[in-house]
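Dear colleague,

I am passing on the structure we spoke of, and below it I have set out what was found. Please read the notes with the coordinates open beside them.

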Amino acid sequence: MEKRFATLSVDSSPETLVCPFAEHSKPASLNSSTSRSESPTATERSHTPLHSASSHTDYEPPMQCPIFTQEVDPLLIKTSLEDRVAYLTDFLGFTSRDAELISKIAPTVNEVIPSMVDGMYAKMFEFDITKKIFLTRNQGFDGPLPQTLEELTLDSAQIVFRKVFMKAWARRVLTADYRNGKTWAYMDKVGIMHTGASPFKHQRTMGIAPLNVPYRDIALMLGWVQSALHSAILNIPDTTVSAADKIEAVVAINKVLWIQNDLFSRHYIGD
Ligand code: HEM
């Protein structure tokens, strides 16, 4: 413990390692409630962030020294999605308050989902490297398929079909039950399915060639979606959702998108 404080010490004497924020430390009761020494079960850990007492908009540097350091098993968070999500939500401070804020803006933001998804496809069609991925046949689609990039248009039957799935994803982000592990499992499968594997049952039963999308383009698309959702939230009239709630909702959506980002990237980089 003393060693950890060493880097924060304002005392020039190497013997006296003093926490400069000692006076501002959390009350003992708060610290003990978050201590991992009691080894909560994986389920308890995965739900903890949603019940956390911490303010999810508190981004000031913490005026306290770390009282404990959570132990995270790097191997376990590779193999157990539940533990991985517990780590992600703890790290980002994703709480029930975030889920509440997302529900608050969902009815209004839902209205922009069709145009946002149109925008996503328009963006992916701007570049040959992203557009060409849509020349391959999609899961469950048996209609006519264009053969060249020029033939492939935003109103091609396959693209209209694909947009249904993308809208379902976007709606799920806005309306999901974030206490339910199935929500994260779905997001994880969405990640896996872009890396050459077929995690969804409907994909496997149809036996269609796997999809390989470079992570580079996934990250860019997520960045684009983030901008679109943030501006949709901030454009909600103050009379519908207060300015303060909109700011919190932007933060909340940001966390979800970064969790989805990890649930993509982990399947590419293997961390
Ligand atoms: C924000 C990033 C992205 C998200 C959230 C996303 C989400 C999804 C979802 C939800 C599906 C359908 C899953 C299902 O079958 O239920 C899907 C399929 C697909 N995605 Fe993505 N995607 C993203 C980025 C990309 C990018 C950048 C490309 C290509 C440049 C791409 C290409 C495809 C293709 C071709 C399919 C169809 C696979 C098939 O049905 O055969 N995606 N994506």
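For the helix pairs described here, an axis is a line fitted to C-alpha atoms over the stretch in contact, and the angle between two axes runs from 0 to 180 degrees between their N-to-C directions. Please bear in mind throughout that this is a predicted model.

With that in hand, the axes of α12 and α13 come within 10 Å and cross at roughly 170 degrees; since angles over 145 degrees count as roughly antiparallel, α12 is therefore roughly antiparallel to α13. On the α12 side the contact is made by Tyr215, Ile218, Ala219, Leu222, Val225, Gln226, Leu229, His230, Ile233 and Leu234, and on the α13 side the residues include Ala249, Ile253, Leu257, Phe264 and Tyr268. By class, the residues of this contact comprise 14 nonpolar, six polar and one charged.

Within α12, which covers residues 215-234, lies glycine 223, and this residue counts as exposed because it has 12 C-beta neighbours inside 10 Å. Its C-alpha is 10.0 Å from that of asparagine 254, a residue 31 positions away in sequence.

Helix α13 (residues 243-269) also meets α6 (residues 96-110), their axes coming within 8 Å and crossing at roughly 110 degrees, which means that α6 is roughly perpendicular to α13. The crossing of α6 past α13 is left-handed. Here Asp98, Leu101, Ile102, Lys104 and Ile105 of α6 meet Asp245, Glu248, Ala249, Ala252, Ile253 and Lys255 of α13, and the contact of α6 with α13 contains six nonpolar and five charged residues, with no polar ones.

As to the chain as a whole, its secondary structure consists of 13 helices and zero strands. Of its 271 residues, 19% count as buried, and among contacts with a separation of 6 or more, 70% join residues 24 or more positions apart.

A word on confidence: the chain averages a pLDDT of 81, and 70% of the residues score at least 70. Over residues 1-48, however, pLDDT stays under 50, and the model has 44 contacts beyond four places in sequence for that stretch; pLDDT also stays under 50 over residues 51-55, for which there are three such contacts. Where pLDDT is low, the predicted coordinates should not be read in detail.

Note on methods: Residues numbered from 1 in each chain as written. Predicted model: local features only at pLDDT ≥ 70, side-chain atom pairs only at ≥ 80, totals over all residues. Helix = DSSP H or I, 4+ residues; strand = E, 2+ residues; numbered from the N terminus. Buried ≥ 20, exposed ≤ 12 C-beta atoms within 10 Å, placed from the backbone. Parallel < 35°, antiparallel > 145°, perpendicular 65-115°, else oblique. Left-handed = near helix turned anticlockwise from the far one by under 90°. Contact = placed C-beta atoms within 7 Å. Nonpolar A, V, L, I, M, F, W, Y, C, P; charged D, E, K, R; others polar. pLDDT = per-residue confidence, 0-100.
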